[in-house]
There are 2 protein chains.
Amino acid sequence: MKLLFIVMDGLGDRPIPELGGQTPLEYAKTPNMDKLASLGMNGLLHVIAPGVTPGSDTAHLALFGVDPYEYYTGRGPFEAAGIGLVVKEGDIAFRTNFATINTEGLIEDRRAGRIKEGTDQLAKLFEGMTIDGIEILLEAGTEHRAALILRGPGLSDQISENDPHVEGKEPLDFKPLDDTPEAEKTARVLTTFVMKARTMLGNAELNKKREEEGLFPANYLLIRGAGKVPKLPNFEEEYCLETACVAGGGLYKGVGRMLGMHIIEDPRMSGGTTTDLVAKFDIAQDALKNYDFVFTHVKGTDNYSHDGKFKEKVEFIERVDKEVSRFLPENYEGDLVVMITGDHSSPCSFKDHSADPVPVLIYSPDCRRDKVEKFGERYAVEGCLGHIIGKYLMGIALNEMRLVHKFGA
Amino acid sequence: MKLLFIVMDGLGDRPIPELGGQTPLEYAKTPNMDKLASLGMNGLLHVIAPGVTPGSDTAHLALFGVDPYEYYTGRGPFEAAGIGLVVKEGDIAFRTNFATINTEGLIEDRRAGRIKEGTDQLAKLFEGMTIDGIEILLEAGTEHRAALILRGPGLSDQISENDPHVEGKEPLDFKPLDDTPEAEKTARVLTTFVMKARTMLGNAELNKKREEEGLFPANYLLIRGAGKVPKLPNFEEEYCLETACVAGGGLYKGVGRMLGMHIIEDPRMSGGTTTDLVAKFDIAQDALKNYDFVFTHVKGTDNYSHDGKFKEKVEFIERVDKEVSRFLPENYEGDLVVMITGDHSSPCSFKDHSADPVPVLIYSPDCRRDKVEKFGERYAVEGCLGHIIGKYLMGIALNEMRLVHKFGA
C-alpha cells in the first residue's frame, strides 16, 4: 500500500460573495477530488491547533507528524536545507538575501534587482571562510535568495536580523536576544562576516559589470530567520518508508530533506503559479513506482490567495483536480492511499494565512467511507474524521497504509 | 473588527421533562441568538476538557485562552483582584468572610448575619499591619465578603483553611499542606493574624453597637481559597487588544483585572438575577466604541440553575436575548464579531456545575456559516466548530477579528 499526499498550499478559504457565498474550493469544479471525497473519509484539519495560524514551515512539520512546538526553531534551517545545504544538528541557519547597498550605507534594493544569475559565483567567494573558528557556509538559491550557515561551537540562534525590511534605510545591527555569551559571539561573527562580505562582494567582477549595465549590484547580505538546526525524526528510520518529495519551493524541499525524504528536482516545478502541473503529477505518479510515500506540494493556491485572486485560485484548483484523475481507483493500478489537504487556510479576503481549518480527505480502498460527497470546507464538517489536529494526521494516514505502530503491547 | 463576548454563566443544561424534554436554552424563545447562530458558526465547548467540571475561576481563565492547568493556583487571587486589591505576582491571596464567634470560641454565624455595612471600616483597622515582616492587606467586598493578601518573602499557598463550613463548631487550625518552611511560616503568620484580628474586631465600636442591636458582630475572620498570585498573560500586551470587562460579580472582574482588562464599574450590575440587563448591555454597547474587545458576563442563569429554577432560567435567557437584538448585523453599525457561550453547564437537575459541554456561537461577517439555525445544546452538535477545548476559543475568536498571530513563517 502506497501513499500519495497532495498538499495544496493555502487551500482553505472563506465564503466569497462573487462566488455565491462559496469558497474557491467549494465553487471549483473538482469531479475527481469529489470522487475521492465520496469514496473516502473527510474532516477538518487544524494544522497546528484550533485558533492558531500556521506559518508554512510549522505547518509542514505538523503535516508530517512532527510537533512544531517541540521541534521548530525558526525558518532558516528549512530554507538552507531546501537550497541544498547539508545542515547538521546544532548549525545556526539563516535566510539570506543578496541586496544592494549604496555608498551612503543605505539599502537601495532588498533583492539586488531580483538578480537572476551569478549569485552562485558570488557565494563561491566565501568558500572555506572561517571567522574565529566558525565555518561560514553560504549557498545561493533562486534569484536573490541564499542561505547561510554558521557552524562551530558556542553559537546561538537568539540573534536579531539585519534586514530593515524597507528600502532607503541602513541595515540593522545584529543584536543578541538573550544574555548568553553564545548569542554575543554569534552577533559578533555575523557582524564581522557581513562587513567582510560587503567588501568582497563590492569588488566582485560580476557586480562591477552590473553597475556598468545600470543594474543593482548584489553587494550586501540581508540575513534573517535564525534557527538552530533541530534533530528531526527521519521518515525512513522511523516509519521504514521510502519517501519522495515532489515540490518546487525551497522551503518544502527543505522540510522534506530534513525529514529524510528523497528530493526530486525538476526545473519544470517552479514552486509558483507557473509550475507545470502536468509534469509535477507525472513525476509524482512515477515516484509512486519507487517510493512508498510521495509528498506532492503545489504552491499556486497560496500565491493567488495572497493576491486576493479568487477566480485564479478556483482555476488553479480545477487544474490540480484534472491531474488527480489518474489516481482515482478506476484509473490507478495498485493499492493507493490518497490524502489531500492544505497546509493552512489563506482566505482571499485576508490575503494572508488564517487559523480556519482546512478540509482533508483520505481515500483508501477499505476505509470507513462517510456520507460526504464533495471536497470542500463545509462539506467536510459532516465527515467521519471530525476535527483533526495536524500532528495526528500522519498516524491516521499510516494506519490506512496498514502500517501499524502499536503503542503498548 | 471588534469583538463582543457574551458569557451566560452556567448556561448549559440537560433535558427537562416539564419543558418537553428540552433544555432551558432550547426551550427559550431566543430569536436574536438564533439569528446569530444561523448566520454564524456553532459548536460545543468543553471549557476545561471533556468530562471535567469547571469552576467559575478556571472556566474564565480557559475562556480567555489561559490554560488553567498551567496558571490556576486557587480562587483567592481572583477574588482579591475582583474586590479591587492590586495583587502582585507572588502574593498569597485568600477569600475571607467576616464571621461571628461567640465567647466559647464557636462560630455562631459564618457570615456575621450577612452584615451589610461597615466592613470597610473594620478592614481599615488593619491598615499598615505587618507580622514578622509580612504585609497584611485586608479589603472588604460586598456584604460579609473580603479578601486577604499576605505579601512578603518566604510564603506559600500550601495552607489549609480555618473555615469549618458549618456553624456551632470551632474554627479550624491553619495547617501547612507540605513540609516546606514557607508553608510553616504562612500557617504561623495566619494564625497570629487571626488571633490579633479577633481581639481588634471584638473591640471595634461597630461590633459593640451591633451586639447592642442584637445583630451578629463581625468579630472573626474565616479564611480560605489560598492561592499564590500567578503571572498571567496580559490582553493588551499579548494581543494589542484594548479590552473592557462588563460584569457585576467580583470573581469575573478579578479575572478581567488580572488579565489587564479595563473594569467598568456600575452599581446597576449586581452580579445576580436582579441585575439591570438593559443597563448592562447599554454599557457593553457603549464600551464597543472605545474598546476592541468587550467581555460581558451575566450571572443570573447560573443562580437560577443552582436553585433548580428552570422556568426562571428560561425567562432570564429570553431577557438576555432581547438585549442581543441590538448586535445583529442589521441593527449594528460597524464590523462586529459576536461570540456567545457559557462558562460551564449548570443543569437545573444537578443544582450545580457539570462537565456537559456548552453551546457556543461565533458570528463574523464572512465566517464559514454552517447549517445550524438555532442556538442550543443539541443544535450545536451539527455546527462547523465541532467540539472545542476552551483554551482554544480565544484564538478562534481572534482569527475572526483577523488578528493573525502566525506561529512560524
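A crossing of two helices is left-handed if the near helix is turned anticlockwise from the far one by less than a right angle, and right-handed if clockwise. In this predicted model, local features need pLDDT of at least 70 and side-chain atom pairs count only at pLDDT 80 or more, while totals for chains, interfaces and linings use all residues. Residues are numbered from 1 along each chain as its sequence is written, and chains are lettered from A, with ligands numbered from 1, in the order in which they are written.

Helix 3 of chain A passes helix 10 of chain A in a right-handed crossing, helices (H or I, at least four residues) and strands (E, at least two) being DSSP runs numbered from the N terminus. Helix 3 (residues 56-63) and helix 10 (residues 250-258) of chain A pack at an angle of about 40°, with their axes 10 Å apart; axes are lines fitted to C-alpha atoms, for helices over the stretch in contact, and angles run from 0 to 180 degrees between N-to-C directions. Residues are in contact if their C-beta atoms, placed from the backbone, lie within 7 Å.

| Helix of chain A | Residues in the contact |
|---|---|
| Helix 3 | S56(A), D57(A), H60(A), L61(A) |
| Helix 10 | L251(A), Y252(A), V255(A) |

Between the chains, 21 residues of chain B are in contact with 30 residues of chain A. Helix 14 of chain B gives the most to the side of chain B that touches chain A, with six residues. Strand 3 (residues 53-54) of chain A and strand 15 of chain B pair in the parallel sense over two bridges, pairing requiring that DSSP find at least two bridges between the strands. Within strand 15 of chain B, F407(B) is the bridge partner of P54(A).

Methods. Two residues are in contact if their C-beta atoms, placed from the backbone, lie within 7 Å.
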